[in-house]
Amino acid sequence: MLITELKNKDVIKSLITGKVFVLNCHGCREIHFPEHEADQLLAELTNEGIVTGSLTTDYICNAENLKLRLQKHTAAIDAADMILVLSCGVGVQTVSDLYPTKRVCAACDTYALPGFQGVTPLEYDCKQCGECYLNLTGGICPITACSKSLLNGQCGGAKDGKCEVDPNMECGWERIQRRLAQIGRLDALKCPIQVRNYATDDEVKK
């Protein structure tokens, strides 16, 4: 189970470039999901004339089911420069993997609560750690894709693209670099990542 919060609206709008397709997940909303705020955001973006289409559905972490639901939105997604996802980190990573050449951005931050989350087959992972970095790393989580959870790039210990901690695991930061190159966003690696305020996570859980 989890708590999903909308990022600051100014932050979300700063992420948007060109036209956008909005994907809104209600799968875990029984715990907490900013449904009203999400609807307001979609209405504002629509009024600005930048939304090519939108889909509100549940459990977008189920990739096969999501792929089927998005088929009728193919034209709208093709017309968009990016996809804005309102979900936990697992949902964002699922969408990013389905559209590897499309910029995918997270509009939410996620905080953990004990219990069951979604219906993901666990090909992706979200530590539900609060501030989400997926917008800077091409939709690949640096905390779960890297054995050391490094936020400032790879450690230099990878060999032949494999992690020095787990040789069966692909280096997460090499994956991130390839994805950013694929979507033309290598410039994102120049963005400084602030030290995480771990107190925020504790405050939400209280």
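This is a predicted model: local features need pLDDT of at least 70, side-chain atom pairs count only at pLDDT 80 or more; totals for chains, interfaces and linings use all residues.
Residues are numbered from 1 along each chain as its sequence is written, and side-chain values use heavy atoms, with hydrogens and water left out.

Glu44 and Lys9 form a salt bridge in which the closest N and O atoms are 2.8 Å apart, the term meaning a side-chain nitrogen of Lys or Arg within 4 Å of a carboxyl oxygen of Asp or Glu. The pair links distant parts of the chain, with Glu44 in helix 2 (residues 35–47) and Lys9 in helix 1, 35 residues apart; helices (H or I, at least four residues) and strands (E, at least two) are DSSP runs, numbered from the N terminus.

## Other salt bridges

The structure holds nine salt bridges. One of them joins the side chains of Asp109 and Lys7, at 2.6 Å from N to O, and this pair also links distant parts of the chain, since Asp109 belongs to strand 6 (residues 108–112) and Lys7 to the loop between strand 1 (2–6) and helix 1 (9–15), 102 residues apart. Both Asp109 and Lys7 are buried.

Arg178 and Glu170 form a further salt bridge, with the closest N and O atoms 2.2 Å apart. Arg178 is partly exposed at 45% relative accessibility, and Glu170 is partly exposed at 33%. Elsewhere, salt bridges that share partners join Lys9, Lys13, Glu44 and Glu48 into one network.

Strand 4 (residues 82–86) is mostly covered, five of its five residues being buried. Met82, Leu84 and Leu86 point one way from the strand, while Ile83 and Val85 point the other way.

Strand 4 pairs in the parallel sense with strand 2 (residues 20–25) over five bridges, and with strand 5 (residues 103–106), again in the parallel sense, over four bridges; pairing requires that DSSP finds at least two bridges between two strands. Asn24 stands opposite Leu86 of strand 4, and Leu84 has Cys105 as its bridge partner in strand 5.

Conventions: Buried means under 20% relative accessible area, exposed over 50%, partly exposed in between (1.4 Å probe, protein chains only).
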